[in-house]
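Student: I have a model open and would like to learn how to read it. Please take me through a few features.

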Amino acid sequence: MPDDVLVAVFNADDGGLDADVWTRLRDWLQPNERERADNYADREARAAFLIGRGMARAMLSEVTGVPPAEWRFAEGAHGRPEIASPDTPYHFNLAHSHGAVACIVGRGREIGVDVEFLHRPAAAHDVAARVCAPDELDDVNAAPDGQRQERFLVYWTLKEAYLKARGLGISLHLGDVAFSLADGQPKFAPRGSLADADTRWTFRLAQPNDQHLIAVAVDTRDGTEPNIRFQRFANNRFPRA
Ligand SMILES: CC(C)(COP(=O)(O)OP(=O)(O)OC[C@H]1O[C@@H](n2cnc3c(N)ncnc32)[C@H](O)[C@@H]1OP(=O)(O)O)[C@@H](O)C(=O)NCCC(=O)NCCS
C-alpha cells in the first residue's frame, strides 16, 4: 500500500472477542499498556483499549511484515500514542465510542480519526454554541428537527480528527477548527487563531453502521492525494502470531 490510507472499523455488534483473541491482544501489549488495560474497571472500556491497540498492531504488521508484538508506542504531545520502534514511515491513530473502534494507518503523513455514537443523549445546543464557528452553528440550527444532533456531530468529529492528526489537545479554540459542508465533501475553513493554517488537508466522513459516524483527517500538504480506503475489521484479522 505505497500511498493508501486505511481506515478500519471494528463493530462490537459483529461479535465480541473470544477468550483466545482477548489473551492474544493482551500479550501484544508493552508493559505500561498492559498495566493500563488491567486497571480499567469497566470491561467495555478495557475491550475498546485492547481492540484499538490490537488493530493498530495488526494493521501495522500487515503493511510492514513486523510482528504485532514487536511494535512499541510512546506518548507524544498531549498523550497521542506514536510509534517508538521499529523505525518506520507509518503512522496510526485510534478512536472508540460505544461499541465501535476505528484505526487509521498511513505512510509518511499525519492522520487522525474520530468516531462518535450518533444516538447519545442530545447535549448539542450548548456544546455546539461553544465549539462551532458562527457559520457551522447556523448550519446546525438550520437542520430539520431530529437531524440537528447528527449535523453537530459531523462538525465535532471533523474537528476532533484534525486535532488528533496534529497531535493537539484542547489548546486550540475549537471554533477556529472550522469546516464548510456546502459542496458535499467537508472543506477545511480555519479561522481566527488558525486563519493562516495550511488548508491542504483531506477530510472524509463515513457511517460504518447506523449508529456511528467517522471522520478522518489526512495531511495532503505535499500536494498528493492518497487513496483513502474504509474497511470493516473482523475478529479473524488479528493474526495468530
Ligand atoms: C485526547 C482526545 C483527542 C481523545 O478524544 P476522545 O474523544 O476522548 O477519545 P477518542 O476515542 O476519540 O480517542 C482516543 C484515542 O485517541 C488517541 N489519542 C490520545 N490522545 C491523543 C492526542 N492528543 N492526539 C491524537 N490522538 C490521541 C489514543 O489512541 C486514544 O486511544 P487509547 O485509549 O487506546 O489510548 C481528546 O480528549 C481531546 O483532547 N480532544 C480534542 C479537543 C476537544 O475537546 N474536542 C472536542 C470536540 S470538537
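This is a predicted model: local features need pLDDT of at least 70, side-chain atom pairs count only at pLDDT 80 or more; totals for chains, interfaces and linings use all residues.

Tutor: Residues are numbered from 1 along each chain as its sequence is written.

Student: In what order do the strands of the open sheet of three lie?

Tutor: Strands of a sheet pair through backbone hydrogen bonds, either parallel or antiparallel. Helices (H or I, at least four residues) and strands (E, at least two) are DSSP runs, numbered from the N terminus. Two strands pair if DSSP finds at least two bridges between them. Here the order is β6-β10-β9, with antiparallel pairing. β6 (111-117) and β9 (201-209) each have a single partner strand, so one side of each lacks a neighbour in the sheet.

Student: How many bridges join β6 to β10?

Tutor: Seven bridges join β6 to β10 (residues 212-219). Val113 is opposite Val216 in β10.

Student: Which helix packs on the sheet?

Tutor: Helix α6 (residues 148-166) does, touching β6, β9 and β10. Contact means that two C-beta atoms, placed from the backbone, lie within 7 Å. The direction of α6 makes about 150° with that of β6; axes are lines fitted to C-alpha atoms, for helices over the stretch in contact, and angles run from 0 to 180 degrees between N-to-C directions.

Student: Which residues of α5 are buried?

Tutor: An α-helix has 3.6 residues a turn, so residues three or four places apart point the same way. A residue is buried if 20 or more other C-beta atoms, placed from the backbone, lie within 10 Å of its own, exposed if 12 or fewer, and partly exposed in between. In α5 (residues 134-142) the buried ones are Glu136, Asp139 and Val140. They cover an arc of only 100° around the axis, which puts them on the same side of α5. The face turned away carries the exposed residues Pro134, Asp138 and Ala142.

Student: Why does Asn93 count as buried?

Tutor: Asn93, in strand β4 (residues 90-97), counts as buried because it has 26 C-beta neighbours inside 10 Å. Leaving aside neighbours within four places in sequence, its contacts include Ile111, Val113 and Lys164.

Student: How many residues surround the ligand?

Tutor: 23 residues surround the ligand, and the closest are His78, Arg80, Ala95, Lys159 and Lys164. The elements giving two or more residues to this shell are α3 (43-64), β4 and α6.

Definitions and conventions
The arc is that of the directions from the helix axis to the C-beta atoms. A residue is near a molecule or strand if its C-beta atom, placed from the backbone, lies within 6 Å of it.
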